[in-house]
Amino acid sequence: MRIALVGCGAVTQAVYVPLLSRRRDLFEVSAVCDLSRTLADAVGDRLGAAGRYTSVDDLLAAGGFEAVVVLASGSHGETVRKALAAGYAVLCEKPLALTRAEVAALPEGRLMVGYMKQYDPAVRRAEEALAALGGPEAIRAVEVTVLHPSGESQLAFANLTQARDVDQDLLASLRAAEHELVSRALGEAAPEPVRNLYGVALGSICHDLSLLRRFTGSPQEISYVETWGSAPGSIEISGPLPVRGRFSLRWHYLEDYPAYRETVAIHHDRGSLELVFPSPYLMNAPTTLTVVSDAESRAHWREVTEAFEVQLAAFHAYVNDGKPPLTDAGGGLEDIVTAQRIAARYAVQHDLPIGGEAA
């Protein structure tokens, strides 16, 4: 299947380039696009892509591919809208957008939102184990802890090509447009602490929201939100699960922490299911599933199948065989709504202004 990549930054270079290089049985990268011609050329050279563009409009007009993989930073709503309107299938990395309105504006088409942790073999095994226990009705609590070092430390091994050729006025205009989108989501008067929280919720915590959505359904109520430390700092979120039990989530940005670590524990009346995720940038580093059951017996599952690779294969199956993705536009919208509920709860607790869609 011929594809085009939009965005040639850190995730593309560290994750997608090596995976697409070894999955030429499924994909041919025929074109790449980035604001930086340096990055477009670097990724294009590594993947043998003939088309090199610095404009999404030019990329879509030129064509020569069947699907678009959106990997750029910031909101993806407008790029996805244009690609779907042009008739292309789309795999869009999270988040799908920054506002509900962007999702509402999307035309009909084949759209898959990329939450690779949903495709992790350990997560799929945990889903099976939870179903055998009775599903969401069996859950007493879900507890999530994320220890997040700096991106630079996580990517030090990757020898990334840096972009130094993007027009600064263009970058400023893009930042202003993104600020306006966040204002639509949270209101013009939303202060920086609320905006920062929303950014982390959609940029990182959304992975955990997507897992909650798979395991239990999206939270319909947020009871408590607190932050502390210099932004992005630490974040605590809790509330009731939609069927039974409660969830608690603690996310900590720790600049010099030795390694990324994410733990998702599902506790039920007779035991626990615990997932421990490594850094997402380490290809084929296994996620560990520990199943605690009767009489304190423990079973550990580790598999080196790469979740990003399974996700890519699922996109191929979606486009060619019609197999539905785990997250479509509706699932992406649910996570945006949950992130807005988190921001609104924090604003209300601290007597801060909140408006826009989140109000």
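Trainee: How many bridges join strand β7 to strand β11, and do they run parallel or antiparallel?

Mentor: Please bear in mind that this is a predicted model. Strands count as paired if at least two bridges are found between them. Here, β7 (residues 139–148) and β11 (residues 261–268) are antiparallel and are joined by eight bridges. Within this pairing, Val-144 has Val-264 of β11 as its bridge partner.

Trainee: In what order do the strands of the open sheet lie?

Mentor: The order is β8-β9-β10-β7-β11-β12-β13-β14, eight strands with mixed pairing. Because β8 (224–228) and β14 (298–303) each have a single partner strand, they stand at the edges, and one side of each has no neighbour in the sheet. On average, and ignoring direction, neighbouring strands are turned by 10 degrees against each other.

Trainee: Which strands does helix α6 touch where it packs on the sheet?

Mentor: Contact here requires heavy atoms within 4.5 Å. Helix α6 (residues 121–133) touches β7, β11, β12 (271–277), β13 (287–292) and β14, and its direction makes about 170 degrees with that of β12. Helix α11 (residues 329–349) also packs on the sheet; it touches β8 and β9 (234–240), and its direction makes about 75 degrees with that of β8.

Trainee: How many aromatic pairs are there?

Mentor: Rings pair if their centres lie within 6.5 Å, and planes over 60 degrees apart count as edge-to-face. The count comes to two aromatic pairs. One of them joins Tyr-16 and Phe-308, which are edge-to-face at 5.6 Å centre to centre, with 70 degrees between the planes. Since Tyr-16 belongs to helix α1 (residues 10–22) and Phe-308 to helix α10 (residues 307–321), the pair ties together parts that are 292 residues apart in sequence.

Trainee: Are Tyr-16 and Phe-308 buried or exposed?

Mentor: Both Tyr-16 and Phe-308 are buried. Asn-320, which also lies in helix α10, counts as partly exposed because its relative accessibility is 41%.

Trainee: Which residue lies over the face of Trp-301?

Mentor: A charge over a ring is judged by its distance from the ring centre and its angle to the ring normal. Arg-125 lies over the face of Trp-301, 3.8 Å from the ring centre. Lys-117 is placed over the face of Phe-277, at 5.3 Å from the ring centre.

Trainee: Which feature does UniProt place at residues 1–105?

Mentor: The unreviewed UniProt entry gives "domain: Gfo/Idh/MocA-like oxidoreductase N-terminal" for residues 1–105. In the model, that span is 43% helix and 22% strand, and its end C-alpha atoms lie 27 Å apart.

Key. Residues are numbered from 1 along each chain as its sequence is written. This is a predicted model: local features need pLDDT of at least 70, side-chain atom pairs count only at pLDDT 80 or more; totals for chains, interfaces and linings use all residues. Side-chain values use heavy atoms; hydrogens and water are left out. UniProt positions are given in the numbering used here, feature names are shortened, and annotations may be inferred rather than shown by experiment. Helices (H or I, at least four residues) and strands (E, at least two) are DSSP runs, numbered from the N terminus. Rings of Phe, Tyr and Trp (its six-membered ring) pair if their centres lie within 6.5 Å; planes under 30 degrees apart count as stacked, over 60 as edge-to-face and the rest as tilted. Buried means under 20% relative accessible area, exposed over 50%, partly exposed in between (1.4 Å probe, protein chains only). A charge sits over a ring if NZ of Lys or CZ of Arg is within 6 Å of the ring centre and within 35 degrees of the ring normal. Axes are lines fitted to C-alpha atoms, for helices over the stretch in contact, and angles run from 0 to 180 degrees between N-to-C directions.
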